[in-house]
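These are my notebook entries on a single structure. I looked up a few places in turn and recorded what I found at each.

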Amino acid sequence: MEDRVRAQGDKPGAMGRPPFPPRGPPRKLDAVPEKPMRGSSAVGADDYLSLPDGDFSPTEWTAAFDEKTAVEVDGIAGSFRCYFSGNRDRKIALIFLHGGGQSALSWGVCCRLLKEQLKDSDVQLVAYDARGHGETTAIPEDDLSAERMVEDAVRLIHTLFSNRPESQQIILVGHSMGAAVATRVAIRTDLGIELQGLVNIDVVEGTAMEALPHMSAFLHQRPASFRTQNEAIKYMVTSGQLRKLESAKLSVPPQLRFEVEREVYGWRTDLEATGKHWKGWFKGMSELFLSVPVMKLLVLAGVDRLDKALMIAHMQGKFQNHVVPTAGHAVHEDEPEAVSQLLTSFLQRNRLLQ
């Protein structure tokens with residue numbers, strides 16, 4: 001059942017990193033977490049241009065997680081690539097869902113920091129590659145509809161936790177596309193496991209829907225292929241799409257696939273081909289997010305991201321909101337220190353740490 005291996009942008013947007021439309025003057029939101037953040041770790045794109053190519057070499061997954069597993073799920077052909085940190089028997093599991101075109105390793109640096117912060121707690125970290133992404137082989141690969149990905153997530157959760165005690169609890173943490181999936185999973189009544197929290201990172205229905213018309217132009221602007229993985233990593237940080245080299249060295253290689261005939265690295269996921277699903281990912285998301293009956297945290301890169309429904313709900317105290325203004329759309333990659341602190345604080349505030 002499991003093939004297990006143990007460890008020995010400057011312009012943010014809805015899925016990848018296209019620009020968000022301007023939304024007027026910044027609003028005053030809760031831009032500072034309960035505990036002060038450390039200084040920003042992000043670096044400007046120009047600062048990377050002078051680095052030698054050797055500095056852009058990929059980092060192995062073992063730098064972030066303890067275990068790497070291919071998990072087969074009943075009723076689905078192929079398998080899902082999952083990464084774990086912490087003992088599998090721990091009471092609380094944080095499950096991380098990545099954005100469109102990315103992979104589980106986009107959470108790598110953030111999870112490494114979380115593992116250090118939570119080393120004495122009863123918490124496990126789980127991240128997986130979605131269908132059509134990273135090392136996951138589930139087929140058909142091109143069906144990235146919200147319904148299909150939600151069903152994937154629910155079945156994967158059943159597989160991973162079906163033999164756990166009734167006291168097992170989970171918290172869903174999603175970024176962009178992954179947040180849209182996590183929100184829809186959170187309203188399901190057939191999880192068979194207690195959901196304790198939902199954390200969404202830089203995705204809001206209103207701004208996401210406004211950004212969708214810009215997606216195709218954004219995707220056409222990026223190179224179609226690279227000679228090496230190093231070249232792709234360098235492109236991602238010098239273009240400003242990622243602001244932290246440590247994150248890019250982990251997260252960019254799984255976004256690529258080597259094309260033997262052309263001897264180049266192309267994109268693993270054809271995002272443009274998924275265009276018919278984009279609206280389905282985000283439509284109705286604000287209402288769904290607010291309807292989830294658990295503690296909720298929304299982390300944004302800019303103070304102008306909230307749509308009207310969320311602005312009103314935030315004023316009513318229906319969810320926690322934090323802004324990390326030094327990050328681009330990939331907040332957890334650009335500022336993993338800040339996001340890991342926010343997640344730890346979320347667990348503490350809700351008395352989930354022992």
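**Entry 1: a helix pair**

I began with two helices and recorded that helix 1 passes helix 12 in a right-handed crossing. The model in which I looked this up is a predicted one. For the residues that form the contact, I listed V109, C110, L113, L114 and Q117 on helix 1. On helix 12, I listed P336, E337, V339, S340, Q341, L343 and T344. Sorted by class, the contact of helix 1 with helix 12 comprises 7 nonpolar, 4 polar and 1 charged residues.

I then looked up the geometry of the pair. The axes of helix 1 (residues 108–117) and helix 12 (residues 336–349) come within 9 Å, and their crossing angle is roughly 45 degrees. Helix 1 is therefore oblique to helix 12.

In sequence, E333 and V109 are 224 residues apart, yet their C-alpha atoms are 7.2 Å apart in space. Is E333 buried or exposed? I noted E333 as buried, because its relative accessibility is 0%, and the cut-off for buried is under 20%.

I next examined strand 3 (residues 79–85), which is mostly covered, with 7 of its 7 residues buried. I checked the direction of its residues: S79, R81, Y83 and S85 point one way, while F80, C82 and F84 point the other way. Residues on both sides of strand 3 are buried.

Which strands pair with strand 3? I found strand 2 (residues 67–72), which runs antiparallel to strand 3 and is joined to it by 6 bridges. Within this pairing, E67 has F84 of strand 3 as its bridge partner. I also found strand 5 (residues 123–128), again antiparallel, with 4 bridges to strand 3. Here the bridge partner of C82 is Y128 in strand 5.

**Entry 2: the hairpin turn**

Strand 2 and strand 3 form a hairpin, and I noted 6 residues between them. In the turn, G75 has a positive phi of about 85 degrees.

I looked up A77 in the loop between strand 2 and strand 3. A77 is counted as partly exposed because its relative accessibility is 39%. Leaving out residues up to four places away in sequence, I recorded T137, A138 and I139 as the residues that A77 touches. For I139, I also noted the separation from A77: 62 residues in sequence and 5.8 Å in space, C-alpha to C-alpha.

I then turned to an open sheet of 3 strands, whose order is 8-10-9 and whose pairing is antiparallel. Strand 8 (225–226) and strand 9 (256–259) each have a single partner strand, so one side of each is left without a neighbour in the sheet. Between strand 8 and strand 10 (residues 264–267) I recorded 2 bridges in the antiparallel sense.

**Entry 3: S286**

Last, I looked up S286, which lies in helix 9 (residues 285–291). S286 is buried because its relative accessible area is 5%, and the cut-off for buried is under 20%. Which residues does S286 contact, leaving aside neighbours within four places in sequence? I recorded E205, D307, A309 and L310.

How values were computed. Residues are numbered from 1 along each chain as its sequence is written. This is a predicted model: local features need pLDDT of at least 70, side-chain atom pairs count only at pLDDT 80 or more; totals for chains, interfaces and linings use all residues. Side-chain values use heavy atoms; hydrogens and water are left out. Two strands pair if DSSP finds at least two bridges between them. Buried means under 20% relative accessible area, exposed over 50%, partly exposed in between (1.4 Å probe, protein chains only). Contact means heavy atoms within 4.5 Å. Axes are lines fitted to C-alpha atoms, for helices over the stretch in contact, and angles run from 0 to 180 degrees between N-to-C directions. Angles under 35 degrees count as roughly parallel, over 145 as roughly antiparallel, 65 to 115 as roughly perpendicular and the rest as oblique. A crossing is left-handed if the near helix is turned anticlockwise from the far one by less than a right angle, and right-handed if clockwise. Ala, Val, Leu, Ile, Met, Phe, Trp, Tyr, Cys and Pro count as nonpolar, Asp, Glu, Lys and Arg as charged, and the others, Gly among them, as polar.
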